[in-house]
Amino acid sequence: MRKALGDPFLLALIALLAGFMVFKSRFLDLPFYWDEAWVYAPAAKAMYQQGLGLLPGAISPQLSRGHPLLFHFICGSWMHVFGASRISLHTFALAISICLLVLVYWVGARMGSKWIGLG
């Protein structure tokens with residue numbers, strides 16, 4: 001553990017992610033926009049209100065618009081824990097983004113080098 005915390009690449013990743021979270025935290029209360037407003041937020045809220053489910057009939061096809069329901073299911077689960085506010089939903093999207101950035105670093109570092117992971 002001590003060796004991992006002394007790794008300059010890992011420290012750079014943590015610093016970049018912290019800066020990203022601080023920058024994005026200013027925008028968590030903005031209204032939904034584009035796909036968020038017309039596809040994802042209404043469908044996730046319907047999943048939250050009508051009950052969680054992964055089968056196609058869990059929410060109306062007009063809400064899901066043919067999208068797979070895993071995202072809506074996970075978002076609905078998040079809303080059961082943290083509430084259904086805009087800040088909560090944007091925080092969920094930010095958490096997914098942070099997880100993806102960490103995964104890209106990890107895969108890039110494993111397949112190539114730590115420079116590739118950071119790049």
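This is a predicted model: local features need pLDDT of at least 70, side-chain atom pairs count only at pLDDT 80 or more; totals for chains, interfaces and linings use all residues.
A residue counts as exposed when its relative accessible area is over 50%, as buried when that area is under 20%, and as partly exposed in between.

**The loop between helix 2 and helix 3**

- Trp34 is placed in the loop that runs between helix 2 (8–25) and helix 3, and its phi is near 55 degrees, which is a positive value in a residue other than glycine.
- Asp29 also belongs to the loop between helix 2 and helix 3, and with 45% relative accessibility Asp29 counts as partly exposed, because this value falls between the 20% and 50% cut-offs.

**The salt bridge**

- Side chains of opposite charge can pair when their charged atoms come close.
- When the whole structure is searched, one salt bridge is found, and in it the side chains of Arg86 and Asp29 meet at 3.2 Å, taken from N to O.
- Arg86 lies in helix 6 whereas Asp29 lies in the loop between helix 2 and helix 3, so the pair ties together parts of the chain that are 57 residues apart in sequence.
- Arg86, at 34% relative accessibility, counts as partly exposed.

**How the helices pack**

- Two packed helices are described by the angle between their axes and by the distance between those axes.
- Helix 2 and helix 6 pack at an angle of about 160 degrees, and their axes are 11 Å apart; because an angle over 145 degrees counts as roughly antiparallel, helix 2 is roughly antiparallel to helix 6.
- The crossing in which helix 2 passes helix 6 is right-handed.
- Helix 3 (residues 35–50) packs against helix 5 (residues 70–82) at an angle of about 60 degrees, with 8 Å between their axes, and the two helices are therefore oblique to each other.
- Helix 3 and helix 5 also make a right-handed crossing.

**A nonpolar patch on the surface**

- Leu100, Leu103, Val104, Trp106, Val107 and Met111 form a nonpolar patch on the surface, and together these residues have about 620 Å² of accessible area.
- Val107, one of the residues in this patch, is placed in helix 6, which covers residues 86–111.
- With a relative accessible area of 32%, Val107 is partly exposed, and this value passes the limit of over 30% that is set for residues of a patch.

Notes:
Residues are numbered from 1 along each chain as its sequence is written. Side-chain values use heavy atoms; hydrogens and water are left out. Patches are made of residues with over 30% relative accessible area and no salt bridge: like charges are joined within 9 Å, nonpolar side chains (Val, Leu, Ile, Met, Phe, Trp, Tyr) within 5 Å. Accessible areas come from the Shrake-Rupley method with a 1.4 Å probe; for residues, only the protein chains shown count as cover. A salt bridge is a side-chain nitrogen of Lys or Arg within 4 Å of a carboxyl oxygen of Asp or Glu. Helices (H or I, at least four residues) and strands (E, at least two) are DSSP runs, numbered from the N terminus. Buried means under 20% relative accessible area, exposed over 50%, partly exposed in between (1.4 Å probe, protein chains only). Axes are lines fitted to C-alpha atoms, for helices over the stretch in contact, and angles run from 0 to 180 degrees between N-to-C directions. Angles under 35 degrees count as roughly parallel, over 145 as roughly antiparallel, 65 to 115 as roughly perpendicular and the rest as oblique. A crossing is left-handed if the near helix is turned anticlockwise from the far one by less than a right angle, and right-handed if clockwise.
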